[in-house]
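Please have the model open while I talk.

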Amino acid sequence: MAYENKDQVKIGLEIHIQLNKLNTKMFCGCRTDYQSDEPNTHTCPICLGLPGALPVVNKKAVECAIKVGLALNCKISEYTQFYRKNYYYPDLPKGFQITQYDYPIAHDGSIIIEGEDGERCVRINRAHMEEDPGRLVHEGSIEHSKYTLVDYNRSGVALLEVVTEPDLQSPKEARRFLDKLRNIIEYLDVSDVNLEGAVRVDANISIMGGQRSETKNISSHKASEKALLYEIVRQKNVLRRGKTVVQETRHFDEAREITVSLRTKEEAHDYRYFPEPDLVPFRIADLAPMIKETLPELPDAQRERFIAQYGIQEEHAKTLTAELKLATFFEEVLFKGADVMLASTWIADLLKGELNYRGKTIDSFSKTDLLEILSLLEKNKITEKSGIEIVRTLLDTQNQSVSRIVKGKGLLRIEGDEVTEMVKQAVEGNKDAVADYKNGKNEALNFIVGAVMKKTRGRADPKKVRELIIQQLHTTQAGINS
Amino acid sequence: MITWQSVPETKRFIETEGAAEAVHRCFERIKQNDFNSFITLNIEDALSVAEHASGGRLCGVPIAIKDNISTHGIQTTCASKILTGYIPPYNATVIERLEREGAVIIGKTNMDEFAMGTSTETSYYGAVENPWNGRCVPGGSSGGSAAALAGGEVPLALGSDTGGSVRCPASFCGVVGLKPTYGAVSRYGLISYANSLEQIGPMATTVADAALLFNVVAGYDKRDSTSVKKQFDTTEPLDMKGMKIGVPGEYFGEGMNSVVEKAVWNAVYSFEDLGAEYKEVSMPHTKYSLAAYYIIAMSEASSNLARFDGLRYGHHAEEGDCHTSFSKTRAEGFGDEVKRRILLGSYALSAGYHDKYYLKALKVRTLVKKDFESAFKTYDMLLAPTMPYPAFKLGEKIKDPLSLYLADVNTVPINLAGVPAVSVPCGFENKLPVGLQLIGDFFDEKTILQAAHKFENSTDFHNRRPGGE
């Protein structure tokens, strides 16, 4: 069904991505692996903004930014330049942030996402670099803390800001865009998006052609959808009361799941942007073709390849390539000789489902274990149901192995005489059902099958059981007749 | 009385008496003069470094450092209350290079607060006396460095020049001061006033010493992205025969002291006697330089000085939330001239005025630069007065900021363009020195230093000493 967008929702996003896979910060040699270290131990005169210290551009950071720009189908600028954004805040040791203004690294790109109504092309306005400020830490909560502590370990870490055009038409599309962007970033290996604060979103939204609000401080994809849904309701209520939506900056309160006004347009900061005199403009046009050569296979291309090369279902290919680790896991399992169809179904559907349910990632499952399970399934040694039981046991308990679980739970498929014996017993033990069947009630057969399956705890092949029961009934009949 | 002043003389003294004795004499002289040329003296450390001095082009030679250049372990204040007590945990690149050559840092010299001034009167630590006349200013903003040299306190000093801050005090105190080409000397560790304009500059009592100091501190530094990969050799002698000199008429404008004008023309004729040819040349955009300079310098300053909020170092006023505390710290910590420039600079960069002032100033800057580029297609060097007049009286202009700004009329175009210029003594007016400015093409420090050296050899202005010594 066609998506109407009756509220004329227009959403544009600004996404800050920490380039935390770089060893060093944007303008100095301080290391970026500060996450588990003492505050203010990853600092130097440059990222502390000490008087006289000068920034020097991290070439690798620029290369990462170009990589992302290319992956978002952007044009790479011929020259790029840094600017100063001036404002006072305790987390900003220089009293300005080095960022970009005119001449960003990349501009005018686009990516395609699954929209409300078929494909949606989301235009990318620009991708530019800037430095992360430090981090403010409050004792307890921000309202009740008597003081604020400042940690400059984060100060100067390279950030990439991706700015979209207002092409998104619903909170769901915004979330899908973020998922896709995160997916691409992961494939490019420029950021560990799972680290705290690695991705931060500002969302601009307007309805019915009115003024837009900008909501800051959104730290997750789920939160962005919630914040946007809240904003639509809020803006609709404003209109319903006959008022107009004002242009303003709002703050997303994650705990209360609402947005609160931070400042209106009149109170907007004048950042007094001007070119950073300590960094000269530099040519990046020549870098782009070389970097393009080194781009890895991106999710869209990989999905197409999985379908073409392995002949797997489109849905499975989508799930597998939504996460680099999952796709890699899949291909590695294939390389070890697993059956393609079995592997794609088991990883994309069953395993992924069990992992999601537990909030776990593919890291917590071993390839060898899956290979063993797939091999048992392929050889018909266990049923699908037992396979799932093994997966669950492996995820929920420690120090387990597939063979131990199979043995311990007696999950090997029951075959031959053992099944025949059980069928015999079932036929003898359910005289009424047998009589019903003979009187033409076919459902009675299902009842007997169920009895056998119960007895085997699902370890027999139900089709085979059915065949055996029919065979058995006919034999019995023959016996009576004779 | 001291018997040594130039670097060669100092080295001879060190050979017989030892570097520690030379350093000791410096401190005695500073105390005796009492010009207020230093903010911080590095007595213990300097004596110990001198005792262990061994090797290098400046082995054991005392040097004074302007107080806006970061020195590891030595208080660096920019002559501002806001940085009182700030001790840098790192050295500026120029300091590293000086230490590598065995120089001994005597102390940190007085200056206009954050290098904003032409008289060294805006210092939080009080004004500096001109050694030639205690009632006159030494010029600024590197007034402490110039006074220390003229007063025989040190043989070498570093200053910084954003719009004339090395050349003006050199001119007023009768010493030599070089503003290098933008990018020739690393700014790493120089506390920024206006980054796109300024350079650290050598100051000395002779051209040869200034050239030596320049050769020690100049050269590419990967920590300063605006520094340039160039080799400097200023020692190779230059033949003056057939050298083409341009004399820009715009540098002899209104308000020019006639004795200064005459002294500069006499200098031009001296060069003629040495075999050079001169011609008058027009630099049509000179008249817009001052306005463009002040807009650019103040705009950059308004951003550069934002970091002084009292949170991490220097003066801190405890009051209310962080923004109240920042405001109070800055209200208490900055002097009037600094506040004036921050306000004007913030205004010039603000939305609605940015294009009208800042962008316009950048365009003028390009035109001024083009004046120089076209002049250097024909001429090897330009000659002009450094300052329109000799040192003025302490207190004479400080209440009238605009007249102080106008004093920079002949120095700021050089910073806008980025070319090098050196000021050398070329005469006296009422027992006060007059400075000649030799302006060179980009990275052609060699020509102006060699020419200045020849001029120095053919005159005796540099031999005269305050008090007739």
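Which side chain meets Arg187(B) in a salt bridge? Keeping in mind that this is a predicted model, the answer is Asp278(A), with a distance of 3.0 Å from N to O. Across the interface of chain A and chain B, the rule finds 1 salt bridge, while the count of residue pairs in polar contact between the two chains, both at pLDDT 80 or more, is 17.

On the side of chain A that touches chain B, the elements that give two or more residues are strand E4 (83-86) and strand E15 (274-275). The residues on that side divide into 22 nonpolar, 4 polar and 5 charged.

Let me turn to the extent of the interface. The size of an interface is often given as the accessible area lost when the parts come together. Here chain A and chain B bury about 2,700 Å² between them, with 59% of it on carbon and sulfur atoms, and 31 residues of chain A are in contact with 39 residues of chain B.

Now to the chains themselves. For chain A, the domain assignment gives domain 1 (10-292), domain 2 (297-409) and domain 3 (416-481), and the C-alpha centres of domain 1 and domain 3 of chain A lie 66 Å apart. For chain B, an unreviewed UniProt entry carries the annotation "domain: Amidase" over residues 21-449; across that stretch of chain B the chain is 36% helix and 15% strand, and its end C-alpha atoms are 31 Å apart.

Terms used:
Residues numbered from 1 in each chain as written. Chains lettered and ligands numbered in written order. Predicted model: local features only at pLDDT ≥ 70, side-chain atom pairs only at ≥ 80, totals over all residues. Heavy atoms only, no water. Contact = heavy atoms within 4.5 Å. Buried area = accessible area lost by both parts, 1.4 Å probe. Salt bridge = Lys/Arg side-chain N within 4 Å of Asp/Glu carboxyl O. Polar contact = N/O pair within 3.5 Å; in protein donor to acceptor, adjacent residues only side chain to side chain. Helix = DSSP H or I, 4+ residues; strand = E, 2+ residues; numbered from the N terminus. Nonpolar A, V, L, I, M, F, W, Y, C, P; charged D, E, K, R; others polar. Domains from an automatic or database assignment. UniProt positions renumbered as here; feature names shortened; annotations may be inferred.
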